[in-house]
Amino acid sequence: MNPLGVVCFVALVAAGALANQSQDYSPKPSQWLKPNELEATPSLNELTFEQLENMPLEKGAKLMRKLYHLSQIDYSVSPNFVPSPSNVPVYIFNSKGEKETCNLNNYVNIAKEKPTFGDQEVTVFITGLPQSLDDVKKANTKLIQAYIQRYSQKPEAPQGEDQSRWDNEKPVGGHLVVIDLGHAITSVERYATLDVKETGKMIAKTLAELERECNVDLEDIHVIGQGIGANVAGSAGKAFKDITTHKLDRITALDPASHMGKDPKVLAGVSRGSARFVDAIHTSALGMGTTRRVGDVDFFPNGPCQGVPGSRNVIDAQARATRLFAESVRPGNSRNFPAVEASSLKQYRNNDGYGKRTYMGIATHRDISGDYMLEVNEQSPYGKRTPAHKQKSYHGVHQVKTENY
């Protein structure tokens, strides 16, 4: 078992033991929660995102874990919400920061009209929380600004490199497509009951159309998912392969969510194999996120935690993954987050990792796998920018070519 999944396993083992007493027996929450705890737990239609945003981190994280485990007892939360494509806004940004507003129904036609679309990189960002939340809006804005800089500015030398070697480099160039799924997730109940598989299929059809109609090379498409949007991105990747017979090139999961509403007989969400390469950043593994390894490479800043340092609440904690990735996208910052393969933060701090090193973010190496640990700052800049611990791997001196990502 993945060492990072032990926490969730222990939390469920008591319920599992009760369930094994009889084939038809489903333990009720009253049998493993104290009456006052059960009474104080709000239902999904009573809890709001605004309440979570105003709740202390520890309290919010414990509540979300409790709701998740309750939902897994008898799978009582059904995945029955699929947003209408016309209710999912899509924003297309070019390298000048100019924005085109459309929706999931028509964004491919809008993109096709742009003369340079598909000639360079195309990044698709699937949001997972509504931008009416201040922490989400700020994080998403940082990511959009970072990509505009990436596509418009000449690359800068990563820290420790001679800038003269980068002087002749040209801007990466490209377009950012924001599929604002979070706009349709207006409540915690919708968040919990989102049909990840069907929503992923809906988005996959548009991605297949985007590749075909806009002549975008697969190697130039990078899909990024935020929170529950990361789960949708994974399902979209699987559906994309069913439609086109080939995989998306890369999916990045920004604090993939613990999904409450799911069919136990259906494998949905993001996982290794959803794309040719899947990387994940877990910033609230013990809150709204998951401790489960979902990618080829999973990063745990400050280890599996309720929220990375500086997080004020569970919404902020989940949005931190977006902020960290955004920092790595900005020119010159691709190596801000050196990480070491390790199964715990203690092992990382004791210089007792497995000797492999990579960078979390846009410049993650694609020929490694496993769980990676690092530490981040409470405020921007979040990357400590310090060399990772002593390494045995050639990645310690590997030269990152940003234009390949």
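How many aromatic pairs does the count come to by the ring-centre rule?

**Entry 1, the model.** I am working from a predicted model, in which local features need pLDDT of at least 70 and side-chain atom pairs count only at pLDDT 80 or more, while totals for chains, interfaces and linings use all residues. Residues are numbered from 1 along each chain as its sequence is written, and side-chain values use heavy atoms, with hydrogens and water left out.

I took rings of Phe, Tyr and Trp (its six-membered ring) as paired if their centres lie within 6.5 Å, with planes under 30 degrees apart called stacked, over 60 edge-to-face and the rest tilted; the count comes to three aromatic pairs. One of them joins phenylalanine 49 and tyrosine 191 edge-to-face, at 6.0 Å centre to centre and with 90° between the planes. This pair links distant parts of the chain, since phenylalanine 49 is in helix 3 (residues 49–53) and tyrosine 191 in helix 7 (residues 188–193), 142 residues apart. Helices here are DSSP runs of H or I with at least four residues, and strands are runs of E with at least two, both numbered from the N terminus. For accessibility I used buried for under 20% relative accessible area, exposed for over 50% and partly exposed in between (1.4 Å probe, protein chains only). Phenylalanine 49 is buried at 2%, and tyrosine 191 is buried at 2%.

I then looked at tyrosine 147 and tyrosine 151, which form a tilted pair with 5.6 Å centre to centre and 50° between the planes. Both lie in helix 6 (residues 134–152), four residues apart, about one turn of the helix, and both tyrosine 147 and tyrosine 151 are buried.

Which residues have the most contacts inside the largest nonpolar core? With a core taken as a set of buried Ala, Val, Leu, Ile, Met, Phe, Trp, Tyr and Cys residues joined through side-chain atoms within 4.5 Å, the largest has 71 residues, and Leu52, Tyr107 and Ile179 have the most contacts inside it. Leaving out residues up to four places away in sequence, I found that leucine 52 touches, among others, Leu63, Met64, Val188 and Ile315, where contact means heavy atoms within 4.5 Å. A second, separate core of 34 residues includes Phe125, Phe299, Val308 and Ile362.

Counting a side-chain nitrogen of Lys or Arg within 4 Å of a carboxyl oxygen of Asp or Glu, a search of the whole structure finds 16 salt bridges. Lysine 201 forms one with glutamate 198, the closest N and O atoms being 3.6 Å apart; being three residues apart in helix 8 (residues 196–213), the two are separated by about one helical turn. Lysine 201 is partly exposed at 33% relative accessibility, and glutamate 198 is partly exposed at 35%.

Aspartate 371 and arginine 293 also meet in a salt bridge, at 3.2 Å from N to O. Aspartate 371 lies in strand 11 (residues 370–374) and arginine 293 in the loop between strand 7 (277–281) and strand 8 (297–301), so the pair ties together parts that are 78 residues apart in sequence. I noted that aspartate 371 is buried, with a relative accessible area of 4%, whereas arginine 293 is partly exposed at 33%. Salt bridges that share partners join Asp135, Arg312, Asp316 and Arg320 into one network.
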